[in-house]
Amino acid sequence: MRKSYKIGRNENQISVNVIIGTKGIAQTKVFQFLPGGQYKLLAVSNAQSGNIDNAFIGNGSDLIGSYLKIRTIIDLGSIADVTQWPQLSDCVSAKFGLSGGFLGNQSYSFDEDDKTDSSSGQVIIIDMEVNLTK
Amino acid sequence: MKKLFITIGLVLLIFNSPTYAQKEVALEDLQIPSSPAFILLDVAPTSIERPTTTKAFSTSILNSIKENNGIPENYAVDFAPYWFFKHKNLNAMNYWGFEQKLLERVQKPFSQARFGSISFATIKSKMTSDTIGTPLNVNNIALGFRTTLFQLRSNNDIDELIKANNLHLTRLDELTVDPTISPSKLANLLEADTYLKNCNKRISEILNRKPTLALDFAGAGSWSYDNNYNSIKSNRVGAWLTLNYAQTLDKPMDINKNDYLNLYFTCRVLNDNNVLGNNGLVYRSTNLDVGGKIEFEFDKFSISYEYLYRNDLKSNIADNFRSSGLIKYRASDQLLVTATFGKNFGNTNNVITQIGLSLGLNSKSQQVNADKIQ
């Protein structure tokens, strides 16, 4: 389910924070979807983990009226014991946060319907969507 | 070939089966036992539960209690509590034992300690009483713990892991540029990608290599009782500490590194309150074993020599040693053939000539049919 974040003033500087806990290989990307349907990439996690550490994604004026899609991919394929995959999928920890807006620091956890597993359970995708309002 | 090994092994097993009821704990192998609680029990549990979630764990315990109307009489479980919970600071690299900061990589040698496992078993058996007489039916409980206290990987392995991880992420980056692809379609696309599969295989191979240095610890205790609280008594308490050094014998350009020079230094203590002596009397012993092993490992074949000095801390039995050579051949993941020759502890009947066959069973709940776990 799409969440909501109040940005407030146009000059507010908005940052995103993502913390992913898994032993699989993880990558997170933050996309902005504009009202017309166009999108652009705002932030990507580093090579160490799927985490994004308070990355600046824009001023209020650039973001109000759009929504963010924070997409995290987790690949468990390097764990040879496939019987571990379902349990590792259940144990994925993911915290998403926005800061700098009217609401200050706001953190979100993902709902079960935000999470999708591939047919064998090797790949997990978590899509977190957040409406950015005035 | 496999059939021949199996036939030879089964014949040897039949003729080498122990025929005595009470026996000392066998601790021939210098490596730390994977489930230390089970090694302290005379009789192996027939089935070992290996739950990976809190739900599976509680279900396993409750079912067993329900089946036995109380404390189960034959139940064994081995689990790693760390994996029962979510951990926000866990990522692939710190799970592998290091962190990457810009161009620098930092090994986290103590990071593996948290993945330690707990083993617990209850089993009903016959035990010789303190005086000569008929064996008593007693319930045995054993509890153990094992972990890797310290681990260092070679710089070469870490460089290769970082390289494979970067290739994986680059490919992932290419395949995830379009956020409008539905998650289910994208998940299956990533799962089917050959390049990602190769990266995962490569990472898995590197992780399977032995760490250059590892310090393993295990401890366990066992107690027995016969439905009376006052009858609870300690049977055995043991602790193991092993330092492993592995030096690869492969050239840097070799992709699959399976040849090693392994050095093991070990120290272990075992207190046993129920040793049945040759005269039929039960006595107590506390043995401190210190020793080492040198092993040359060439893929499926290995040859080794071990020396173990035993100091009996309780009785006046003269200190003695075990000195033996071992040849191992791993015919498959499930089949291990071994041949040992040397001198065992003690001054009589101390020649070791043994050919063994180990059949591994890779399943969630393992079946153990052997009469004795070594």
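How many residues does helix α3 of chain B have, and how far does the helix reach from its first C-alpha to its last? Helix α3(B) (residues 54-68) has 15 residues and reaches 21 Å, close to the 21 Å expected at 1.5 Å a residue; the expected span is 1.5 Å times one less than the number of residues. This is a predicted model, in which local features need pLDDT of at least 70 and side-chain atom pairs count only at pLDDT 80 or more. Residues are numbered from 1 along each chain as its sequence is written, and chains are lettered from A.

**Chain A**
- Chain A contains two helices and ten strands, where helices (H or I, at least four residues) and strands (E, at least two) are DSSP runs.
- Along the sequence, their pattern is β-β-β-β-β-α-β-α-β-β-β-β.
- The radius of gyration of chain A is 15 Å, close to the 14 Å from the globule rule for 134 residues, so chain A is as compact as a globular protein of that length. The radius is taken over C-alpha atoms, and the rule is 2.2 Å times the number of residues to the power 0.38.
- The C-alpha trace of chain A spans about 50 × 25 × 20 Å along its principal axes.

**Chain B**
- Just after α3(B), B:Asn69 adopts a positive phi of about 50 degrees.
- Helices α5 (residues 155-175) and α7 (residues 194-208) of chain B pack at about 160 degrees, with axes 9 Å apart; axes are lines fitted to C-alpha atoms over the stretch in contact, and angles run from 0 to 180 degrees between N-to-C directions.
- α5(B) is therefore roughly antiparallel to α7(B) (angle over 145 degrees).

Notes
Side-chain values use heavy atoms; hydrogens and water are left out. Angles under 35 degrees count as roughly parallel, over 145 as roughly antiparallel, 65 to 115 as roughly perpendicular and the rest as oblique.
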